[in-house]
Amino acid sequence: MRYLFCLIAAVSFAPASSIIAGTTEQVETAAESGKYTYVMFYRSNDDATQRMARAVQSHVAEVGDRTTWVTVNVHDRREAPLVKRFDASRIPLPAVFGVAPNGAVTGVFREKVNEEQLHMAILTPMYSDMVKGLQSQRIAVVCMMPDADAPIPTGVKALQQNPAFEGKLHQVRACASDSSEAEFFRRMHVDPDLDAPVVLVFAPPGTHVGTFEATVSGQELAQALHRSGKCNCSKCQRNRRAASGKR
Amino acid sequence: MPKEQTCGIWKALGTCWNEPGTGSRILDTKSVLTRLVMVSRTIEMVLGEGVPMSFHSLVWKEMRRRPVHSLTALLIVALGVSALVAVESVITSSEQNVASQMQQLGANILILPEGVTLQDYHAADAHGKSLPEEYVTRIMLAQLVGVEELAPKLSVPVEVGGASTMLTGILPRTEFYKKSAWQSVDLLTADLGESAVGRKHEGCGGRSCQIATADKTDIGSYATTRIVHELDMNAALIGADLAKSQHIKQGQTIQILGARLKVAGVLPATGTSDDGRVLAHLHRVQELADTGPIVNVIEVMGCCEEAAGGLVGELDELLPDARVVTIAHIVQTQVTVNRLMNQLSYVIFGILMLIGGASIASVMFANVAERKRELGTLMALGATPSMVSRLILMKASAVGLIGGICGMGLGLAAAFAIGPQLLGVATSVSLNAVIIGMIAALTVALVASYPPARKAAHLDPCLCFQDA
Amino acid sequence: MLRIESIHKDYPRGRSVVRALHPTSMTASKGELIAIVGPSGSGKSTLLSMIGGMLSPTSGRIVFEGKSLYEISVTQRSRLRNDQIGFLFQSFNLVPYLTAVENVQLPMTFYGSDRVSQRNEARRLLEEFGLAGRLDHKPTELSAGQQQRVALARTLAIRPNLILADEPTGNLDPESRDMVIRTLHDLCDEGRTTILVTHDETVSASAHRVLRIREGHTSAASPNRSCGAA
């Protein structure tokens with residue numbers, strides 16, 4: 001891997017046409033090994049590309065155990081699958097995508113990027129799971145649990161059983177006792193020193209619907225979703241239709 | 001009305017021809033002139049001969065005797081009124097069209113290639129210049145406050161079933177959802193209060209919900225929202241007029257630029273140029289037309305007018321090579337053009353009314369001079385000077401009124417004919433212009449004929465004698 | 001019935017004044033037929049116009065049926081003409097775009113409202129004058145004699161007490177001329193007064209009195225013969 005890293009770092013400063021192919025496989029390999037991949041797309045080896053490559057390279061050098069990076073010239077036909085997957089021919093370049101091991105895109109930065117932004121794109125496993133759910137157009141119901149044995153709040157269970165939300169929810173469960181999720185708790189503004197679970201609900205693409213205590217009922221969660229306007233239950237669909245009809 | 005008169009009218013109109021077995025005969029061209037004469041005689045019969053003559057019917061009878069005299073004046077008045085009614089009706093329709101666009105369409109900002117001037121919202125993609133499609137992503141990724149939806153478009157000329165039309169590439173909402181979801185983490189951070197990215201505009205509902213609802217997935221909603229939620233790469237949407245003229249139905253497959261596209265739906269009529277277009281996925285259109293990732297225009301739906309105002313500056317900064325205009329600006333341009341046309345139409349109307357007035361005055365003076373002995377005789381027989389002047393004024397009113405009605409008819413016909421052709425708007429009647437035109441025609445006729453009427457009233461009745 | 005009191009008429013011409021009619025006085029009784037004779041331009045029509053209430057005299061009065069013609073309003077004078085004075089012209093002065101019956105109906109339409117009876121009356125008069133078959137003919141479709149008969153019918157339509165005729169036989173053939181003279185005498189017999197301007201000696205010879213005018217000067221109306229002896 002170190003060899004690969006050095007090779008990529010070297011070619012990032014070489015003319016674009018000389019950048020090696022096979023990056024699709026590299027992204028897949030990185031994912032399999034649980035690493036984040038920064039995929040940098042570029043058109044030409046101009047100043048902006050070189051600046052961005054240096055920033056990514058520097059960041060990867062710092063957190064090399066968890067990340068890797070690849071560069072992709074959008075004109076390279078061999079990279080077509082990756083270009084197509086990120087629609088890179090239609091985005092402002094250079095741009096770098098943060099891709100979690102589960103395939104979730106955890107950040108996209110165009111033309112310039114800094115260390116902090118790249119750092120923010122590295123998520124905990126549960127956080128990336130939640131983002132994957134949101135990117136699949138589902139409502140993320142995140143249960144922040146004190147420990148692995150704590151039961152899922154009844155309100156969340158009730159919401160899952162609500163036929164109006166069938167197939168529309170993505171449940172994520174993170175434990176305070178799991179040190180790898182500490183960053184997730186911090187970013188969700190939840191104190192890990194929990195007595196009881198805390199429920200957070202998000203709607204795609206990234207709207208915070210609310211943070212609830214463990215005692216929240218299924219009805220309250222449903223109401224919060226209805227109120228937020230991000231709900232897609234039959235009742236909300238009816239209301240929206242009526243509202244658009246009035247307009 | 002006596003039965004014989006009624007029948008006379010129907011006969012004249014060609015619907016009561018006394019032929020066995022033919023209740024209503026269709027007019028043939030040969031008899032059109034004959035029928036016109038008959039209609040004229042029937043009117044005369046109704047006004048004058050069928051019932052005992054009245055003082056008023058003298059006017060009609062005299063006009064019938066000398067129709068050419070009044071014709072020039074009548075024609076000028078008619079032209080003036082028709083110019084006013086036609087232009088005003090088109091302007092009214094154009095304004096209604098703009099208003100309805102404002103109301104119906106979400107877009108309030110257009111991003112155009114540099115150097116494109118635009119006066120019609122619906123022609124925003126018909127200038128032949130292009131922008132890179134990456135501008136769309138650039139706007140999206142910039143997470144500008146107040147941007148709710150984006151609608152890039154690329155139009156290329158195509159033939160469908162032998163008919164020339166436009167193939168317009170549009171990007172379904174799902175494409176945007178996919179891209180904006182790349183920023184989920186940023187948005188979450190923003191929503192949880194850590195960053196300024198993805199801020200909502202105060203008073204707006206925030207960015208669009210990314211959950212597909214039934215109202216969003218209805219393909220027909222494009223007609224009003226200009227956005228489709230989902231669109232298959234091999235699907236096409238057909239405008240109402242094109243579907244009608246080419247007999248295209250939903251589910252059918254059509255051949256465009258060598259590809260077979262399945263008609264996913266026929267859009268409801270909007271009264272705009274969209275009715276004659278084929279819509280398909282933008283990327284499919286780019287591929288078929290081999291244009292590369294470009295667009296002709298990007299429509300931006302700001303969450304409200306206020307946000308749209310603020311967005312212009314940010315978009316200008318974000319896309320220095322593009323031209324950013326608000327719909328309000330386009331509307332303003334259109335309103336300015338309309339106002340100019342409006343003023344021009346009144347100037348033309350005024351000039352023609354002046355000429356018409358002068359013509360009426362001249363015709364009436366000549367008429368009075370020609371009828372000296374007749375008018376003198378009327379006075380000798382007991383007509384008062386005011387009766388004589390009333391005869392002249394009534395004739396002038398008839399010229400004004402008939403001219404006004406003819407002008408109104410001509411103007412409306414012209415407006416209905418040229419409105420949709422030239423400006424692409426469905427014409428509706430400008431009641432104001434009709435009323436103003438009619439009142440002005442009548443007033444001008446009366447004012448212009450007042451001096452000759454006065455002259456007639458002061459005629460020496462002794463003119464009726466042989467020695468005079 | 002008609003009294004003319006020292007009327008004269010001057011017309012201004014530049015800074016000077018031309019006297020068209022020198023002071024004239026006369027009276028006309030009910031049923032009387034008076035002929036005014038004189039060369040062209042002698043003032044015959046001026047006198048006739050003044051008697052008809054259409055030309056105000058420079059001085060003097062004309063009193064008809066107790067009313068001084070030029071001391072009443074224009075409208076009243078028009079109304080009086082329409083009610084009581086009938087005119088007959090040398091060129092008939094029929095309205096060219098009206099039919100015979102409409103021409104006869106014309107004076108009745110100015111003030112009357114019962115148009116059906118007006119039309120019936122017009123028809124009746126035309127039929128009396130032997131024009132039953134010409135009711136809907138325009139003047140151009142009628143002979144001179146027929147036109148004058150229509151004009152006579154129009155004159156009689158208002159049942160006038162005074163008939164003013166300007167060369168009524170000037171454009172007629174002898175037969176039509178006789179018919180017109182006969183009719184005027186018949187009207188005299190009915191008690192209507194007729195004043196006619198004529199060059200025709202035969203016509204003036206049949207009048208009760210003859211007023212001669214030469215260069216605006218009138219000679220006294222001389223008695224001619226008794227009424228109804230035409």
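**View 1. Polar contacts between chain C and chain B.** In this predicted model, eight residue pairs, both at pLDDT 80 or more, are in polar contact across the interface of chain C and chain B (a pair of N or O atoms within 3.5 Å, one able to donate a hydrogen and the other to accept it; residues adjacent in sequence count only if both atoms are side-chain atoms). There is one salt bridge between the two chains (a side-chain nitrogen of Lys or Arg within 4 Å of a carboxyl oxygen of Asp or Glu). Lys61(B) pairs with Glu102(C) in a salt bridge, with 2.8 Å between the closest N and O atoms.

**View 2. Area buried between chain C and chain B.** About 3000 Å² is buried between these chains, and carbon and sulfur atoms give 64% of it (accessible area, 1.4 Å probe, lost on putting two parts together, summed over both). Met54(C), Tyr97(C) and Phe110(C) supply 25% of the area that chain C buries against chain B, more than any other three residues.

**View 3. Surroundings of Leu375(B).** Leu375(B) touches Val368(B), Val388(B), Leu391(B), Ala456(B) and Leu459(B), leaving aside residues up to four places away in sequence (contact: heavy atoms within 4.5 Å). The contact between the chains takes 35 residues from chain C and 30 residues from chain B.

**Notes.** Residues are numbered from 1 along each chain as its sequence is written, and chains are lettered from A and ligands numbered from 1 in the order in which they are written. Local features need pLDDT of at least 70, side-chain atom pairs count only at pLDDT 80 or more, and totals for chains, interfaces and linings use all residues, while side-chain values use heavy atoms, without hydrogens and water.
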